[in-house]
There are 2 protein chains.
Amino acid sequence: MTETADAVSELLDRLLPTSEGPDVRVCDAMRYAALNGGKRFRPFLVMTSAALFDVPPARALRVAAAVELMHCYSLVHDDLPAMDDDALRRGLPTCHVKYDEATAILAGDALQSLAFEILAMAETHPTSRVRAELVRALAQAVGAGGMVGGQMLDLLAENIPMDIGAITRLQRMKTGALIAFSCESGAILGEARATERHALHAYAHDLGLAFQIQDDLLDVEGDSEMTGKAVQKDEQAGKATFVSILGVKRAREQAKILADQAVAHLDLFGEKAELLARAAHFVVTRRH
Amino acid sequence: MTETADAVSELLDRLLPTSEGPDVRVCDAMRYAALNGGKRFRPFLVMTSAALFDVPPARALRVAAAVELMHCYSLVHDDLPAMDDDALRRGLPTCHVKYDEATAILAGDALQSLAFEILAMAETHPTSRVRAELVRALAQAVGAGGMVGGQMLDLLAENIPMDIGAITRLQRMKTGALIAFSCESGAILGEARATERHALHAYAHDLGLAFQIQDDLLDVEGDSEMTGKAVQKDEQAGKATFVSILGVKRAREQAKILADQAVAHLDLFGEKAELLARAAHFVVTRRH
């Protein structure tokens with residue numbers, strides 16, 4: 001994962017724009033948001049899924065960069081005062097605190113565009129059908145039926161009663177859809193069979209929920225020094241989470257069950273999927 | 001133009017998402033922002049440019065819809081309190097006034113994703129190379145080097161001295177890039193020769209500046225009942241515009257010169273480009 005993180009950061013540094021004019025401010029904000037030493041978990045999923053189909057790493061890395069840009073844009077916008085109003089992200093001031101709200105909104109907007117631009121470029125894959133499908137699938141994952149819809153639900157969750165079904169749907173949209181794309185993109189790049197793509201989708205779905213439950217657990221149990229962000233925010237906001245509904249013990253069990261379920265979907269890949277299987281276990285044992 | 005406006009609104013109504021869950025709020029806000037009876041000037045440019053190359057109108061209409069979604073997203077975000085802080089748009093409350101800031105930010109984000117999703121779908125063009133190029137070119141037009149960078153400059157313009165060169169660059173990015181894409185998309189869809197695409201780009205560049213000068217003139221001379229938005233905002237904000245630098249008379253002359261220049265670039269298309277030529281003259285005579 002460290003290897004992928006370094007490689008994706010290096011590529012992002014080359015792909016992120018700069019300017020000679022005063023508009024360099026928005027370029028700086030984009031760099032600040034994207035080159036901040038995140039875990040690069042989604043890029044890791046892209047690279048590892050693509051390796052199942054022997055996709056050249058240089059191609060997969062461009063998709064990994066696009067996914068990470070999309071993730072970073074969502075963080076910048078989610079942190080805004082009108083949204084989750086977070087001042088701290090990965091131990092540093094959030095984008096709108098470092099710059100200002102307008103610049104943060106624009107930086108997020110341009111990060112999203114850049115993600116699609118990278119996918120559509122000929123350098124990403126010689127087959128244009130693959131590039132168009134990458135764009136289509138990513139757009140679907142981050143739109144109103146996916147990430148953005150999930151964030152809308154999350155904002156409304158403070159004011160409406162949520163049961164486990166509603167939270168599952170929320171998280172499936174908010175974080176699950178982009179994680180699912182990360183895993184499916186390997187199959188798209190590798191022009192894999194539909195069964196293989198579906199297996200990765202199913203793996204990613206369980207993985208995404210396990211990831212979120214662990215996030216909720218860290219919010220309750222973690223400390224901000226380890227996670228690099230404010231903790232116990234959910235409880236203070238009176239927000240329903242997997243942990244508030246299931247309790248810590250059952251939430252932890254549920255995360256483990258989901259990780260095992262995720263791994264079971266990888267059977268058809270045999271030993272080649274070892275790294276993805278380990279990723280599922282990492283997700284539910286990570287401390288940050 | 002009315003014909004195009006009706007057709008694009010009808011298609012947008014079909015393409016915009018809806019939901020059975022509480023996240024329908026963001027879908028409603030997207031519809032509110034996109035189905036508000038705008039001029040649909042950019043869709044008109046797409047349709048008219050595509051007609052030069054005998055592109056089937058149903059294909060061009062999907063690109064027109066995507067361009068309009070992109071334009072609407074930019075309006076929603078530009079109107080936000082942290083940006084231009086506008087309460088009125090086309091005679092109606094702006095999106096964040098009608099809903100709230102968070103919903104407006106998310107609606108804009110999802111409108112952008114949807115624009116790319118539409119372009120990447122097989123229904124838009126049977127040749128995937130064309131679809132990928134549409135995505136790439138649009139992403140470039142709206143990113144940090146285009147629309148978003150231009151909005152960044154516009155926000156900074158209140159505080160830094162601007163000469164005519166700086167304003168030209170600002171407008172070329174802020175409004176010109178998307179107008180240029182609108183015109184070039186016809187050539188992309190029609191798989192036209194590079195000289196034809198370049199001619200449309202040059203036409204669009206002059207047209208875009210003429211369009212902006214007329215906007216500045218309307219801000220000074222128009223009334224809010226006709227334009228559907230607050231007027232004399234620029235002057236109140238102490239913002240440099242083409243009009244504040246050139247004066248009303250020279251600005252009006254300059255707009256006419258640019259319109260003539262735009263038309264001159266259409267020579268190689270002969271009589272087929274009649275409608276685009278008339279569009280250039282419409283731009284500098286419109287009252288709203």
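Which residues have the most contacts inside the largest nonpolar core?

**Entry 1: core.** I'm working on a predicted model here. I looked up the largest nonpolar core and got 203 residues, with A:Ala210 and B:Ala210 having the most contacts inside it. Next I listed the partners of B:Ala210, skipping anything up to four places away in sequence.

**Entry 2: symmetry.** I superposed chain B on chain A, and a rotation of 180 degrees does it, with 0.0 Å of shift along the axis and an RMSD of 0.0 Å. That is how a two-fold axis relates two copies.

**Entry 3: interface.** How many residues does each chain put into the contact? I get 47 from chain B and 47 from chain A. On the side of chain B that touches chain A, the helices that each supply at least two residues are H2 (24-34), H6 (101-120), H7 (128-142) and H8 (147-156) of chain B. H6(B) gives the largest share of that side, twelve residues. I also sorted that side of chain B by class: 27 nonpolar, eleven polar and nine charged residues.

**Entry 4: helix H4 of chain A.** Helix H4 of chain A covers residues 57-78, which is 22 residues. From first C-alpha to last, H4 of chain A reaches 31 Å, close to the 32 Å expected at 1.5 Å a residue. Is H4(A) mostly covered or mostly uncovered? Mostly covered, since 19 of its 22 residues are buried.

**Entry 5: positive phi.** I went looking for positive phi in residues other than glycine and noted two in chain A. A:Asp54 has a phi of about 55 degrees, and A:Asp54 sits in the loop between helix H3 (41-51) and H4 of chain A. I count 9 other C-beta atoms within 10 Å of A:Asp54, so A:Asp54 is exposed. For A:Glu191, phi is near 45 degrees. A:Glu191 is in the loop between helix H9 (164-189) and helix H10 (194-221) of chain A. Buried, exposed or partly exposed, A:Glu191? Partly exposed, because A:Glu191 has 14 C-beta neighbours inside 10 Å.

Methods: Residues are numbered from 1 along each chain as its sequence is written. Chains are lettered from A and ligands numbered from 1 in the order in which they are written. This is a predicted model: local features need pLDDT of at least 70, side-chain atom pairs count only at pLDDT 80 or more; totals for chains, interfaces and linings use all residues. Copies are superposed by least squares on the C-alpha atoms of residues with pLDDT of at least 70 in both. Two residues are in contact if their C-beta atoms, placed from the backbone, lie within 7 Å. Helices (H or I, at least four residues) and strands (E, at least two) are DSSP runs, numbered from the N terminus. Ala, Val, Leu, Ile, Met, Phe, Trp, Tyr, Cys and Pro count as nonpolar, Asp, Glu, Lys and Arg as charged, and the others, Gly among them, as polar. A nonpolar core is a set of buried Ala, Val, Leu, Ile, Met, Phe, Trp, Tyr and Cys residues joined through C-beta atoms within 7 Å. A residue is buried if 20 or more other C-beta atoms lie within 10 Å of its own, exposed if 12 or fewer, and partly exposed in between; C-beta atoms are placed from the backbone. The expected span of a helix is 1.5 Å times one less than its number of residues.
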